Amino acid sequence: MIVFVRFLLILLVVELSTCGYLVAKRLSRHLPVLPDAEFVDPLMMSDFQELAKQAETGSSKEWVTLGQALLGQGFYTYAEICYRQAAEMDAADKVAQASYAFCLERTGRTQASTLEYEKLDSFTGKSIFPLANREFYLYSIGRNYLREENVAKAEETFRQNLGFQPAEYQLAKILVRSNRSEEALAIIESNLRKSPDSLYFRLLQSLALESLGRTREAKQAADRLERAMYIIQLSFNINIVKPYSVRHGVQKEVQEYFKLIELNDMDLLARKLDTIFELIDERPLPQHRSTLVRMIEVEFQRKDPKRMLMLLDQLNQYGIEDADMLQFRAGAYMLSGEMEKAIPLLQRVAKMSPTVEVHQTLANIYEQQKDNKKRDEHQAKMALLNAMMAFRNNQLPAAEESIQKSVELNLNDPQAWFYNAETKRLLGNKEAARAAYQRCIELDPNHGRAIRELTLLTPEKFKQNRRGS
């Protein structure tokens, strides 16, 4: 009997120890915190809950995955908790460390962010996550110092990152603003040799030359600036967040829709969009408007004006009626043969957001109606827009050809005459440029840019003419 009692006591002690261990383990386990589900789509919330369950019993990898899902939807503070936990669980996880620093940066805690970015110095090897690599996290540290208005530390950090074009731009900008334009020019011109059409470096070049009193060169740089289209990426926030934003919820369904586009099956696309719209329901999700717009586009391809108009009316209920929607409404009326309703809408679009496409449509309509004057006006606008695109892409011969066609079709458009003058001037034909500027000013006496350029070409004569008038 005594032996049996002892056995029961030992068994009780073992059970209590085991239960105590399990309770302690449970209490010490970090539990994921999820955002309020009120405005989160049901698919997204379901994914969050499943990932949270995996993280609760998983490793740093599962915590990073949950953090990425939350980050993709802009829940920075919730993602921060996940990344911090992942970094504590695995001190060698570069992605967790860099992502934690990024969340601190995005929520305005720049000093704390910088300290966490600096820890990445001890890591080795390259990472597929940009911010875990030296040139990116150094650049982020420099931007943190700029936000804190600590220009000296920002400059020091950007100097450590020479060879990384965004950092060199920020350094050159600091130098120009602190009256060290000669030093800045060396950096600017080095980058312009690599990227001659860089918008940002061309602007800095113009400012630097102007500050040094090199007015003629500054003007040449300003001319080239207008024909510079290449934009250096100075912020990488969207690139970091976007890949995670399409992995879950409704947005995952939208990505599947994009894959189906290649099949060019409009009925299949329409069914997929109907499914997405049902998932969104009445929730105020950002995909609501974009899904309706895609549905309208598909119905236009399916040539179903009735359904197009129904969907457009739904958008109107949300106060959405921009140039694109007006153009689709006009397209629906054109499909149903109601040209008297389509034309005024297209004319509004041409004023609100002129494109080659809308002017081409109007030109074709007036061609069919035998209205040659209005047809020529819209063909002139088409040529002008083509000339402007070629001009801004630094394709001056192509711009000259298009702009010449524009002024021939419509002799009374001051904008066309201005670009005619600009193109002629930059191609070295100063006499033709003077005449075109003069014509622009006759049509629009307050055209400031034309007045300025004509003054620079013929300063004395132009001043006398202006006084005489």
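H447 is buried, with a relative accessible area of 16%. That value falls under the 20% cut-off for burial. Bear in mind as you look around that this is a predicted model.

Where does H447 lie? You will find H447 in the loop between helix 24 (430-443) and helix 25 (448-457). If neighbours within four places in sequence are left aside, H447 is in contact with F418 and C440.

Now turn to a pair of helices. The axes of helix 7 and helix 8 come within 8 Å and cross at roughly 165°. Angles over 145 degrees count as roughly antiparallel, and helix 7 and helix 8 are therefore roughly antiparallel to each other. Their crossing is left-handed. By class, seven nonpolar, two polar and two charged residues make up the contact of helix 7 with helix 8. The table shows who meets whom.

| Helix | Residues spanned | Residues in the contact |
|---|---|---|
| Helix 7 | 134-147 | L138, Y139, I141, G142, R143, Y145, L146 |
| Helix 8 | 151-159 | K153, A154, T157, F158 |

The largest nonpolar core has 63 residues, and L71, Y117, L131 and I188 touch the most other members. Apart from this core lies another, of 37 residues, including A270, L292, L309 and L345.

Which residues is L131 in contact with, leaving aside its neighbours within four places in sequence? They are A98, F102, Y117, L120, F136, Y137, S140 and I240. Among these partners, Y117 is also named with L131 as touching the most other members of the 63-residue core.

Definitions and conventions
Residues are numbered from 1 along each chain as its sequence is written. This is a predicted model: local features need pLDDT of at least 70, side-chain atom pairs count only at pLDDT 80 or more; totals for chains, interfaces and linings use all residues. Side-chain values use heavy atoms; hydrogens and water are left out. Axes are lines fitted to C-alpha atoms, for helices over the stretch in contact, and angles run from 0 to 180 degrees between N-to-C directions. Helices (H or I, at least four residues) and strands (E, at least two) are DSSP runs, numbered from the N terminus. Angles under 35 degrees count as roughly parallel, over 145 as roughly antiparallel, 65 to 115 as roughly perpendicular and the rest as oblique. A crossing is left-handed if the near helix is turned anticlockwise from the far one by less than a right angle, and right-handed if clockwise. Contact means heavy atoms within 4.5 Å. Ala, Val, Leu, Ile, Met, Phe, Trp, Tyr, Cys and Pro count as nonpolar, Asp, Glu, Lys and Arg as charged, and the others, Gly among them, as polar. A nonpolar core is a set of buried Ala, Val, Leu, Ile, Met, Phe, Trp, Tyr and Cys residues joined through side-chain atoms within 4.5 Å. Buried means under 20% relative accessible area, exposed over 50%, partly exposed in between (1.4 Å probe, protein chains only).
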